[in-house]
Amino acid sequence: MIDWGAIFSNAAVELISPTTAAYALAALGLAIHFGYTGLLNFGQAGFMALGAYGFAISTLSFGFPVWGAVLVGIGASVIFALVLGIPTLRLRADYLAIVTIAAAEIVRLLFTTNTFQALTGSANGLSGYKGGFSDLNPIPEGRYGFGPFEYNEYDWWLRIVAWSIVVLACLFTWQIMRSPWGRVIKGIREDEDAVRALGKNVYSYKMQSLILGGAFGTIAGMIFVLPRAVVPSNYQTSLTFFIYAILLLGGASTILGPVIGSMVFWVLLSFFSGFIARAVEAGWIPFITSIQAGQLRFILVGVAIMLIVIFRPQGIFGNKKELAFVK
Amino acid sequence: MSNNTVPSSKPVKSTDLHIGEAEPGCKKRDPILVADGVSRSFGGLTAVDVDHVEIPRGAITALIGPNGAGKTTLFNLLTGFDKPDTGSWTFEGRPLSGMPAFKVARMGQVRTFQLTKALGLLTVMDNMLLGAKGQAGENLFRAIFPFFWSKQEEANRARAIDILERFKLDTKKDDYAASLSGGQRKLLEMARALMSEPSLVMLDEPMAGVNPALTQSLLDHILNLKAQGMTVLFVEHDMHMVRHIADWVIVMAEGRVVAEGDPHEVMRNPAVIDAYLGQHHDEDLGEDPSAETEHVEAIKELLE
């Protein structure tokens, strides 16, 4: 018999997990890039890797305090954005896509290579950098919460910080996108030559957008590694594609879309994996082994996302009116 | 195109714009834009090769010529959208060559495009507001705090409504620009350019693909620009319209300026007839009957 209670409570846990927050923030950065500015950034995984490693390396190897480590990560991603943007932002959008996907892979391989093992831990990655963050925790020791949402003080601290950052990032993005700055950014998405002809420095705006969205990705990378270890294989191109899936699910040029998209994505993923694993155990699906079942969840999530994109292409929060004019 | 495309009011023509003979590259009394030795080639093809040209201030100047004459390329060069091989030009006495397009626009030289570039998924109002210059809220750090820009935004909004009313687009202000018809988009593009309070408006084929009824209102709008003290330079194919609204005509062929002058005079110029002969030999170049017989004779002569 299937334990539905366990499946649902495991799925509900994902609703406020720090990983969901990290993906939401990374997707919000991508919304700034792709949804608002029209920049095809396929290297969000690279920005996240820089955040994770920037934070971990500066804590472990150089003994930086938390705020210093955060600044190192953001600084690294600003430099990364400049290096990507200076040669490519003058070119057509598709060039940026190719360059970012390659650059993110270069970043991941640099962190994987044995040459820098002393700093990066190579393929084994890094751990033991959370001391500074948990020292800041004001919550007294113990277990809190109810039902499936019962955690110890560190897990609550992490969730509070992660979701506070997501909320602040949403408010910030909402504010700038309804300002004249956001209007220029959306104009660039529609036709950059027209915006240029109106006296706006398009190149500078695209760079600002790339840096800002990249910084969101970097902070997301830091949140992502706080409940786990830094492992280079987490930053493969598939990570970028999951974030794109979340973005399209929620609505590409919306503020709440990435957040709700991330929640839906992780809850569905957890639900399917729990359901399939238990269904195989119970003998409901006799032709599948439990190892195959682990992979099947991605297929089912893929199907769910396809259905949403086909029947609700503007995403959950997107404006249906916009689609009437898509060429 | 038919004769009902004549503007509703008889336009007041500016005269006495040039000094000396009306020949290619002639001096103007008060030029707003002066270009020297501008050339641009694409591979082996020389698209533009202009020795000297001056655009008179406060007048409507038409840039005409057959397809491939280099009109749009010259437009792109003068507005910083393309880089020339050689050449320099000044706008209101300040050198412009090598300046990026956005700086050119900020100096008051605003252009529109042959293929209309309305920003489809922005509302008509947002399209207009984008045209306003010197907005404090376009700086990322000030954008966070509305008190830096909300007052300016209100003023720009009022001005946008004012301009939209003139262009009869005020009822559409909250619609996506993508929902407008082709002609309305042309109007919007022109209205948007006006938001930046330009001194020189450069219109690339403003009448292309617009129905005759709307052409009339477009022509009126162009005449209005002049009435408000702006200088207009526009590219056009249709000689009827050029004749009705232009004060001065510059004719290009194969990248060069081949003739300049008053619209009525210039259409009698043999160089102009030559320029158009290849593709317009069976069309009239204008409705002036005396000019027409001359064209026919000129063509006959050439055919012999």
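1. In chain A, A:Y144 stands opposite A:Y151 of strand 2. Strand 1 (residues 143-146) and strand 2 (residues 149-152) of chain A form an antiparallel pair over four bridges; pairing requires at least two DSSP bridges between two strands. Strands are DSSP runs of E with at least two residues, and helices are runs of H or I with at least four, numbered from the N terminus.

2. Two residues lie between the strands of this hairpin, and A:G147 there takes a positive phi near 50°.

3. The model is predicted: local features need pLDDT of at least 70 and side-chain atom pairs count only at pLDDT 80 or more, whereas totals for chains, interfaces and linings use all residues. Residues are numbered from 1 along each chain as its sequence is written, with chains lettered from A and ligands numbered from 1 in the order in which they are written.

4. The axes of helix 4 (residues 66-88) and helix 11 (residues 202-225) of chain A come within 9 Å and cross at roughly 140°. These axes are lines fitted to C-alpha atoms over the stretch in contact, with angles from 0 to 180 degrees between N-to-C directions. Helix 4 and helix 11 of chain A are therefore oblique to each other; angles under 35 degrees count as roughly parallel, over 145 as roughly antiparallel, 65 to 115 as roughly perpendicular and the rest as oblique.

5. In chain B, domain 1 comprises 3-118 + 197-303 and domain 2 comprises 119-179, the bounds coming from an automatic or database domain assignment. The C-alpha centres of domain 1 and domain 2 of chain B are 31 Å apart.
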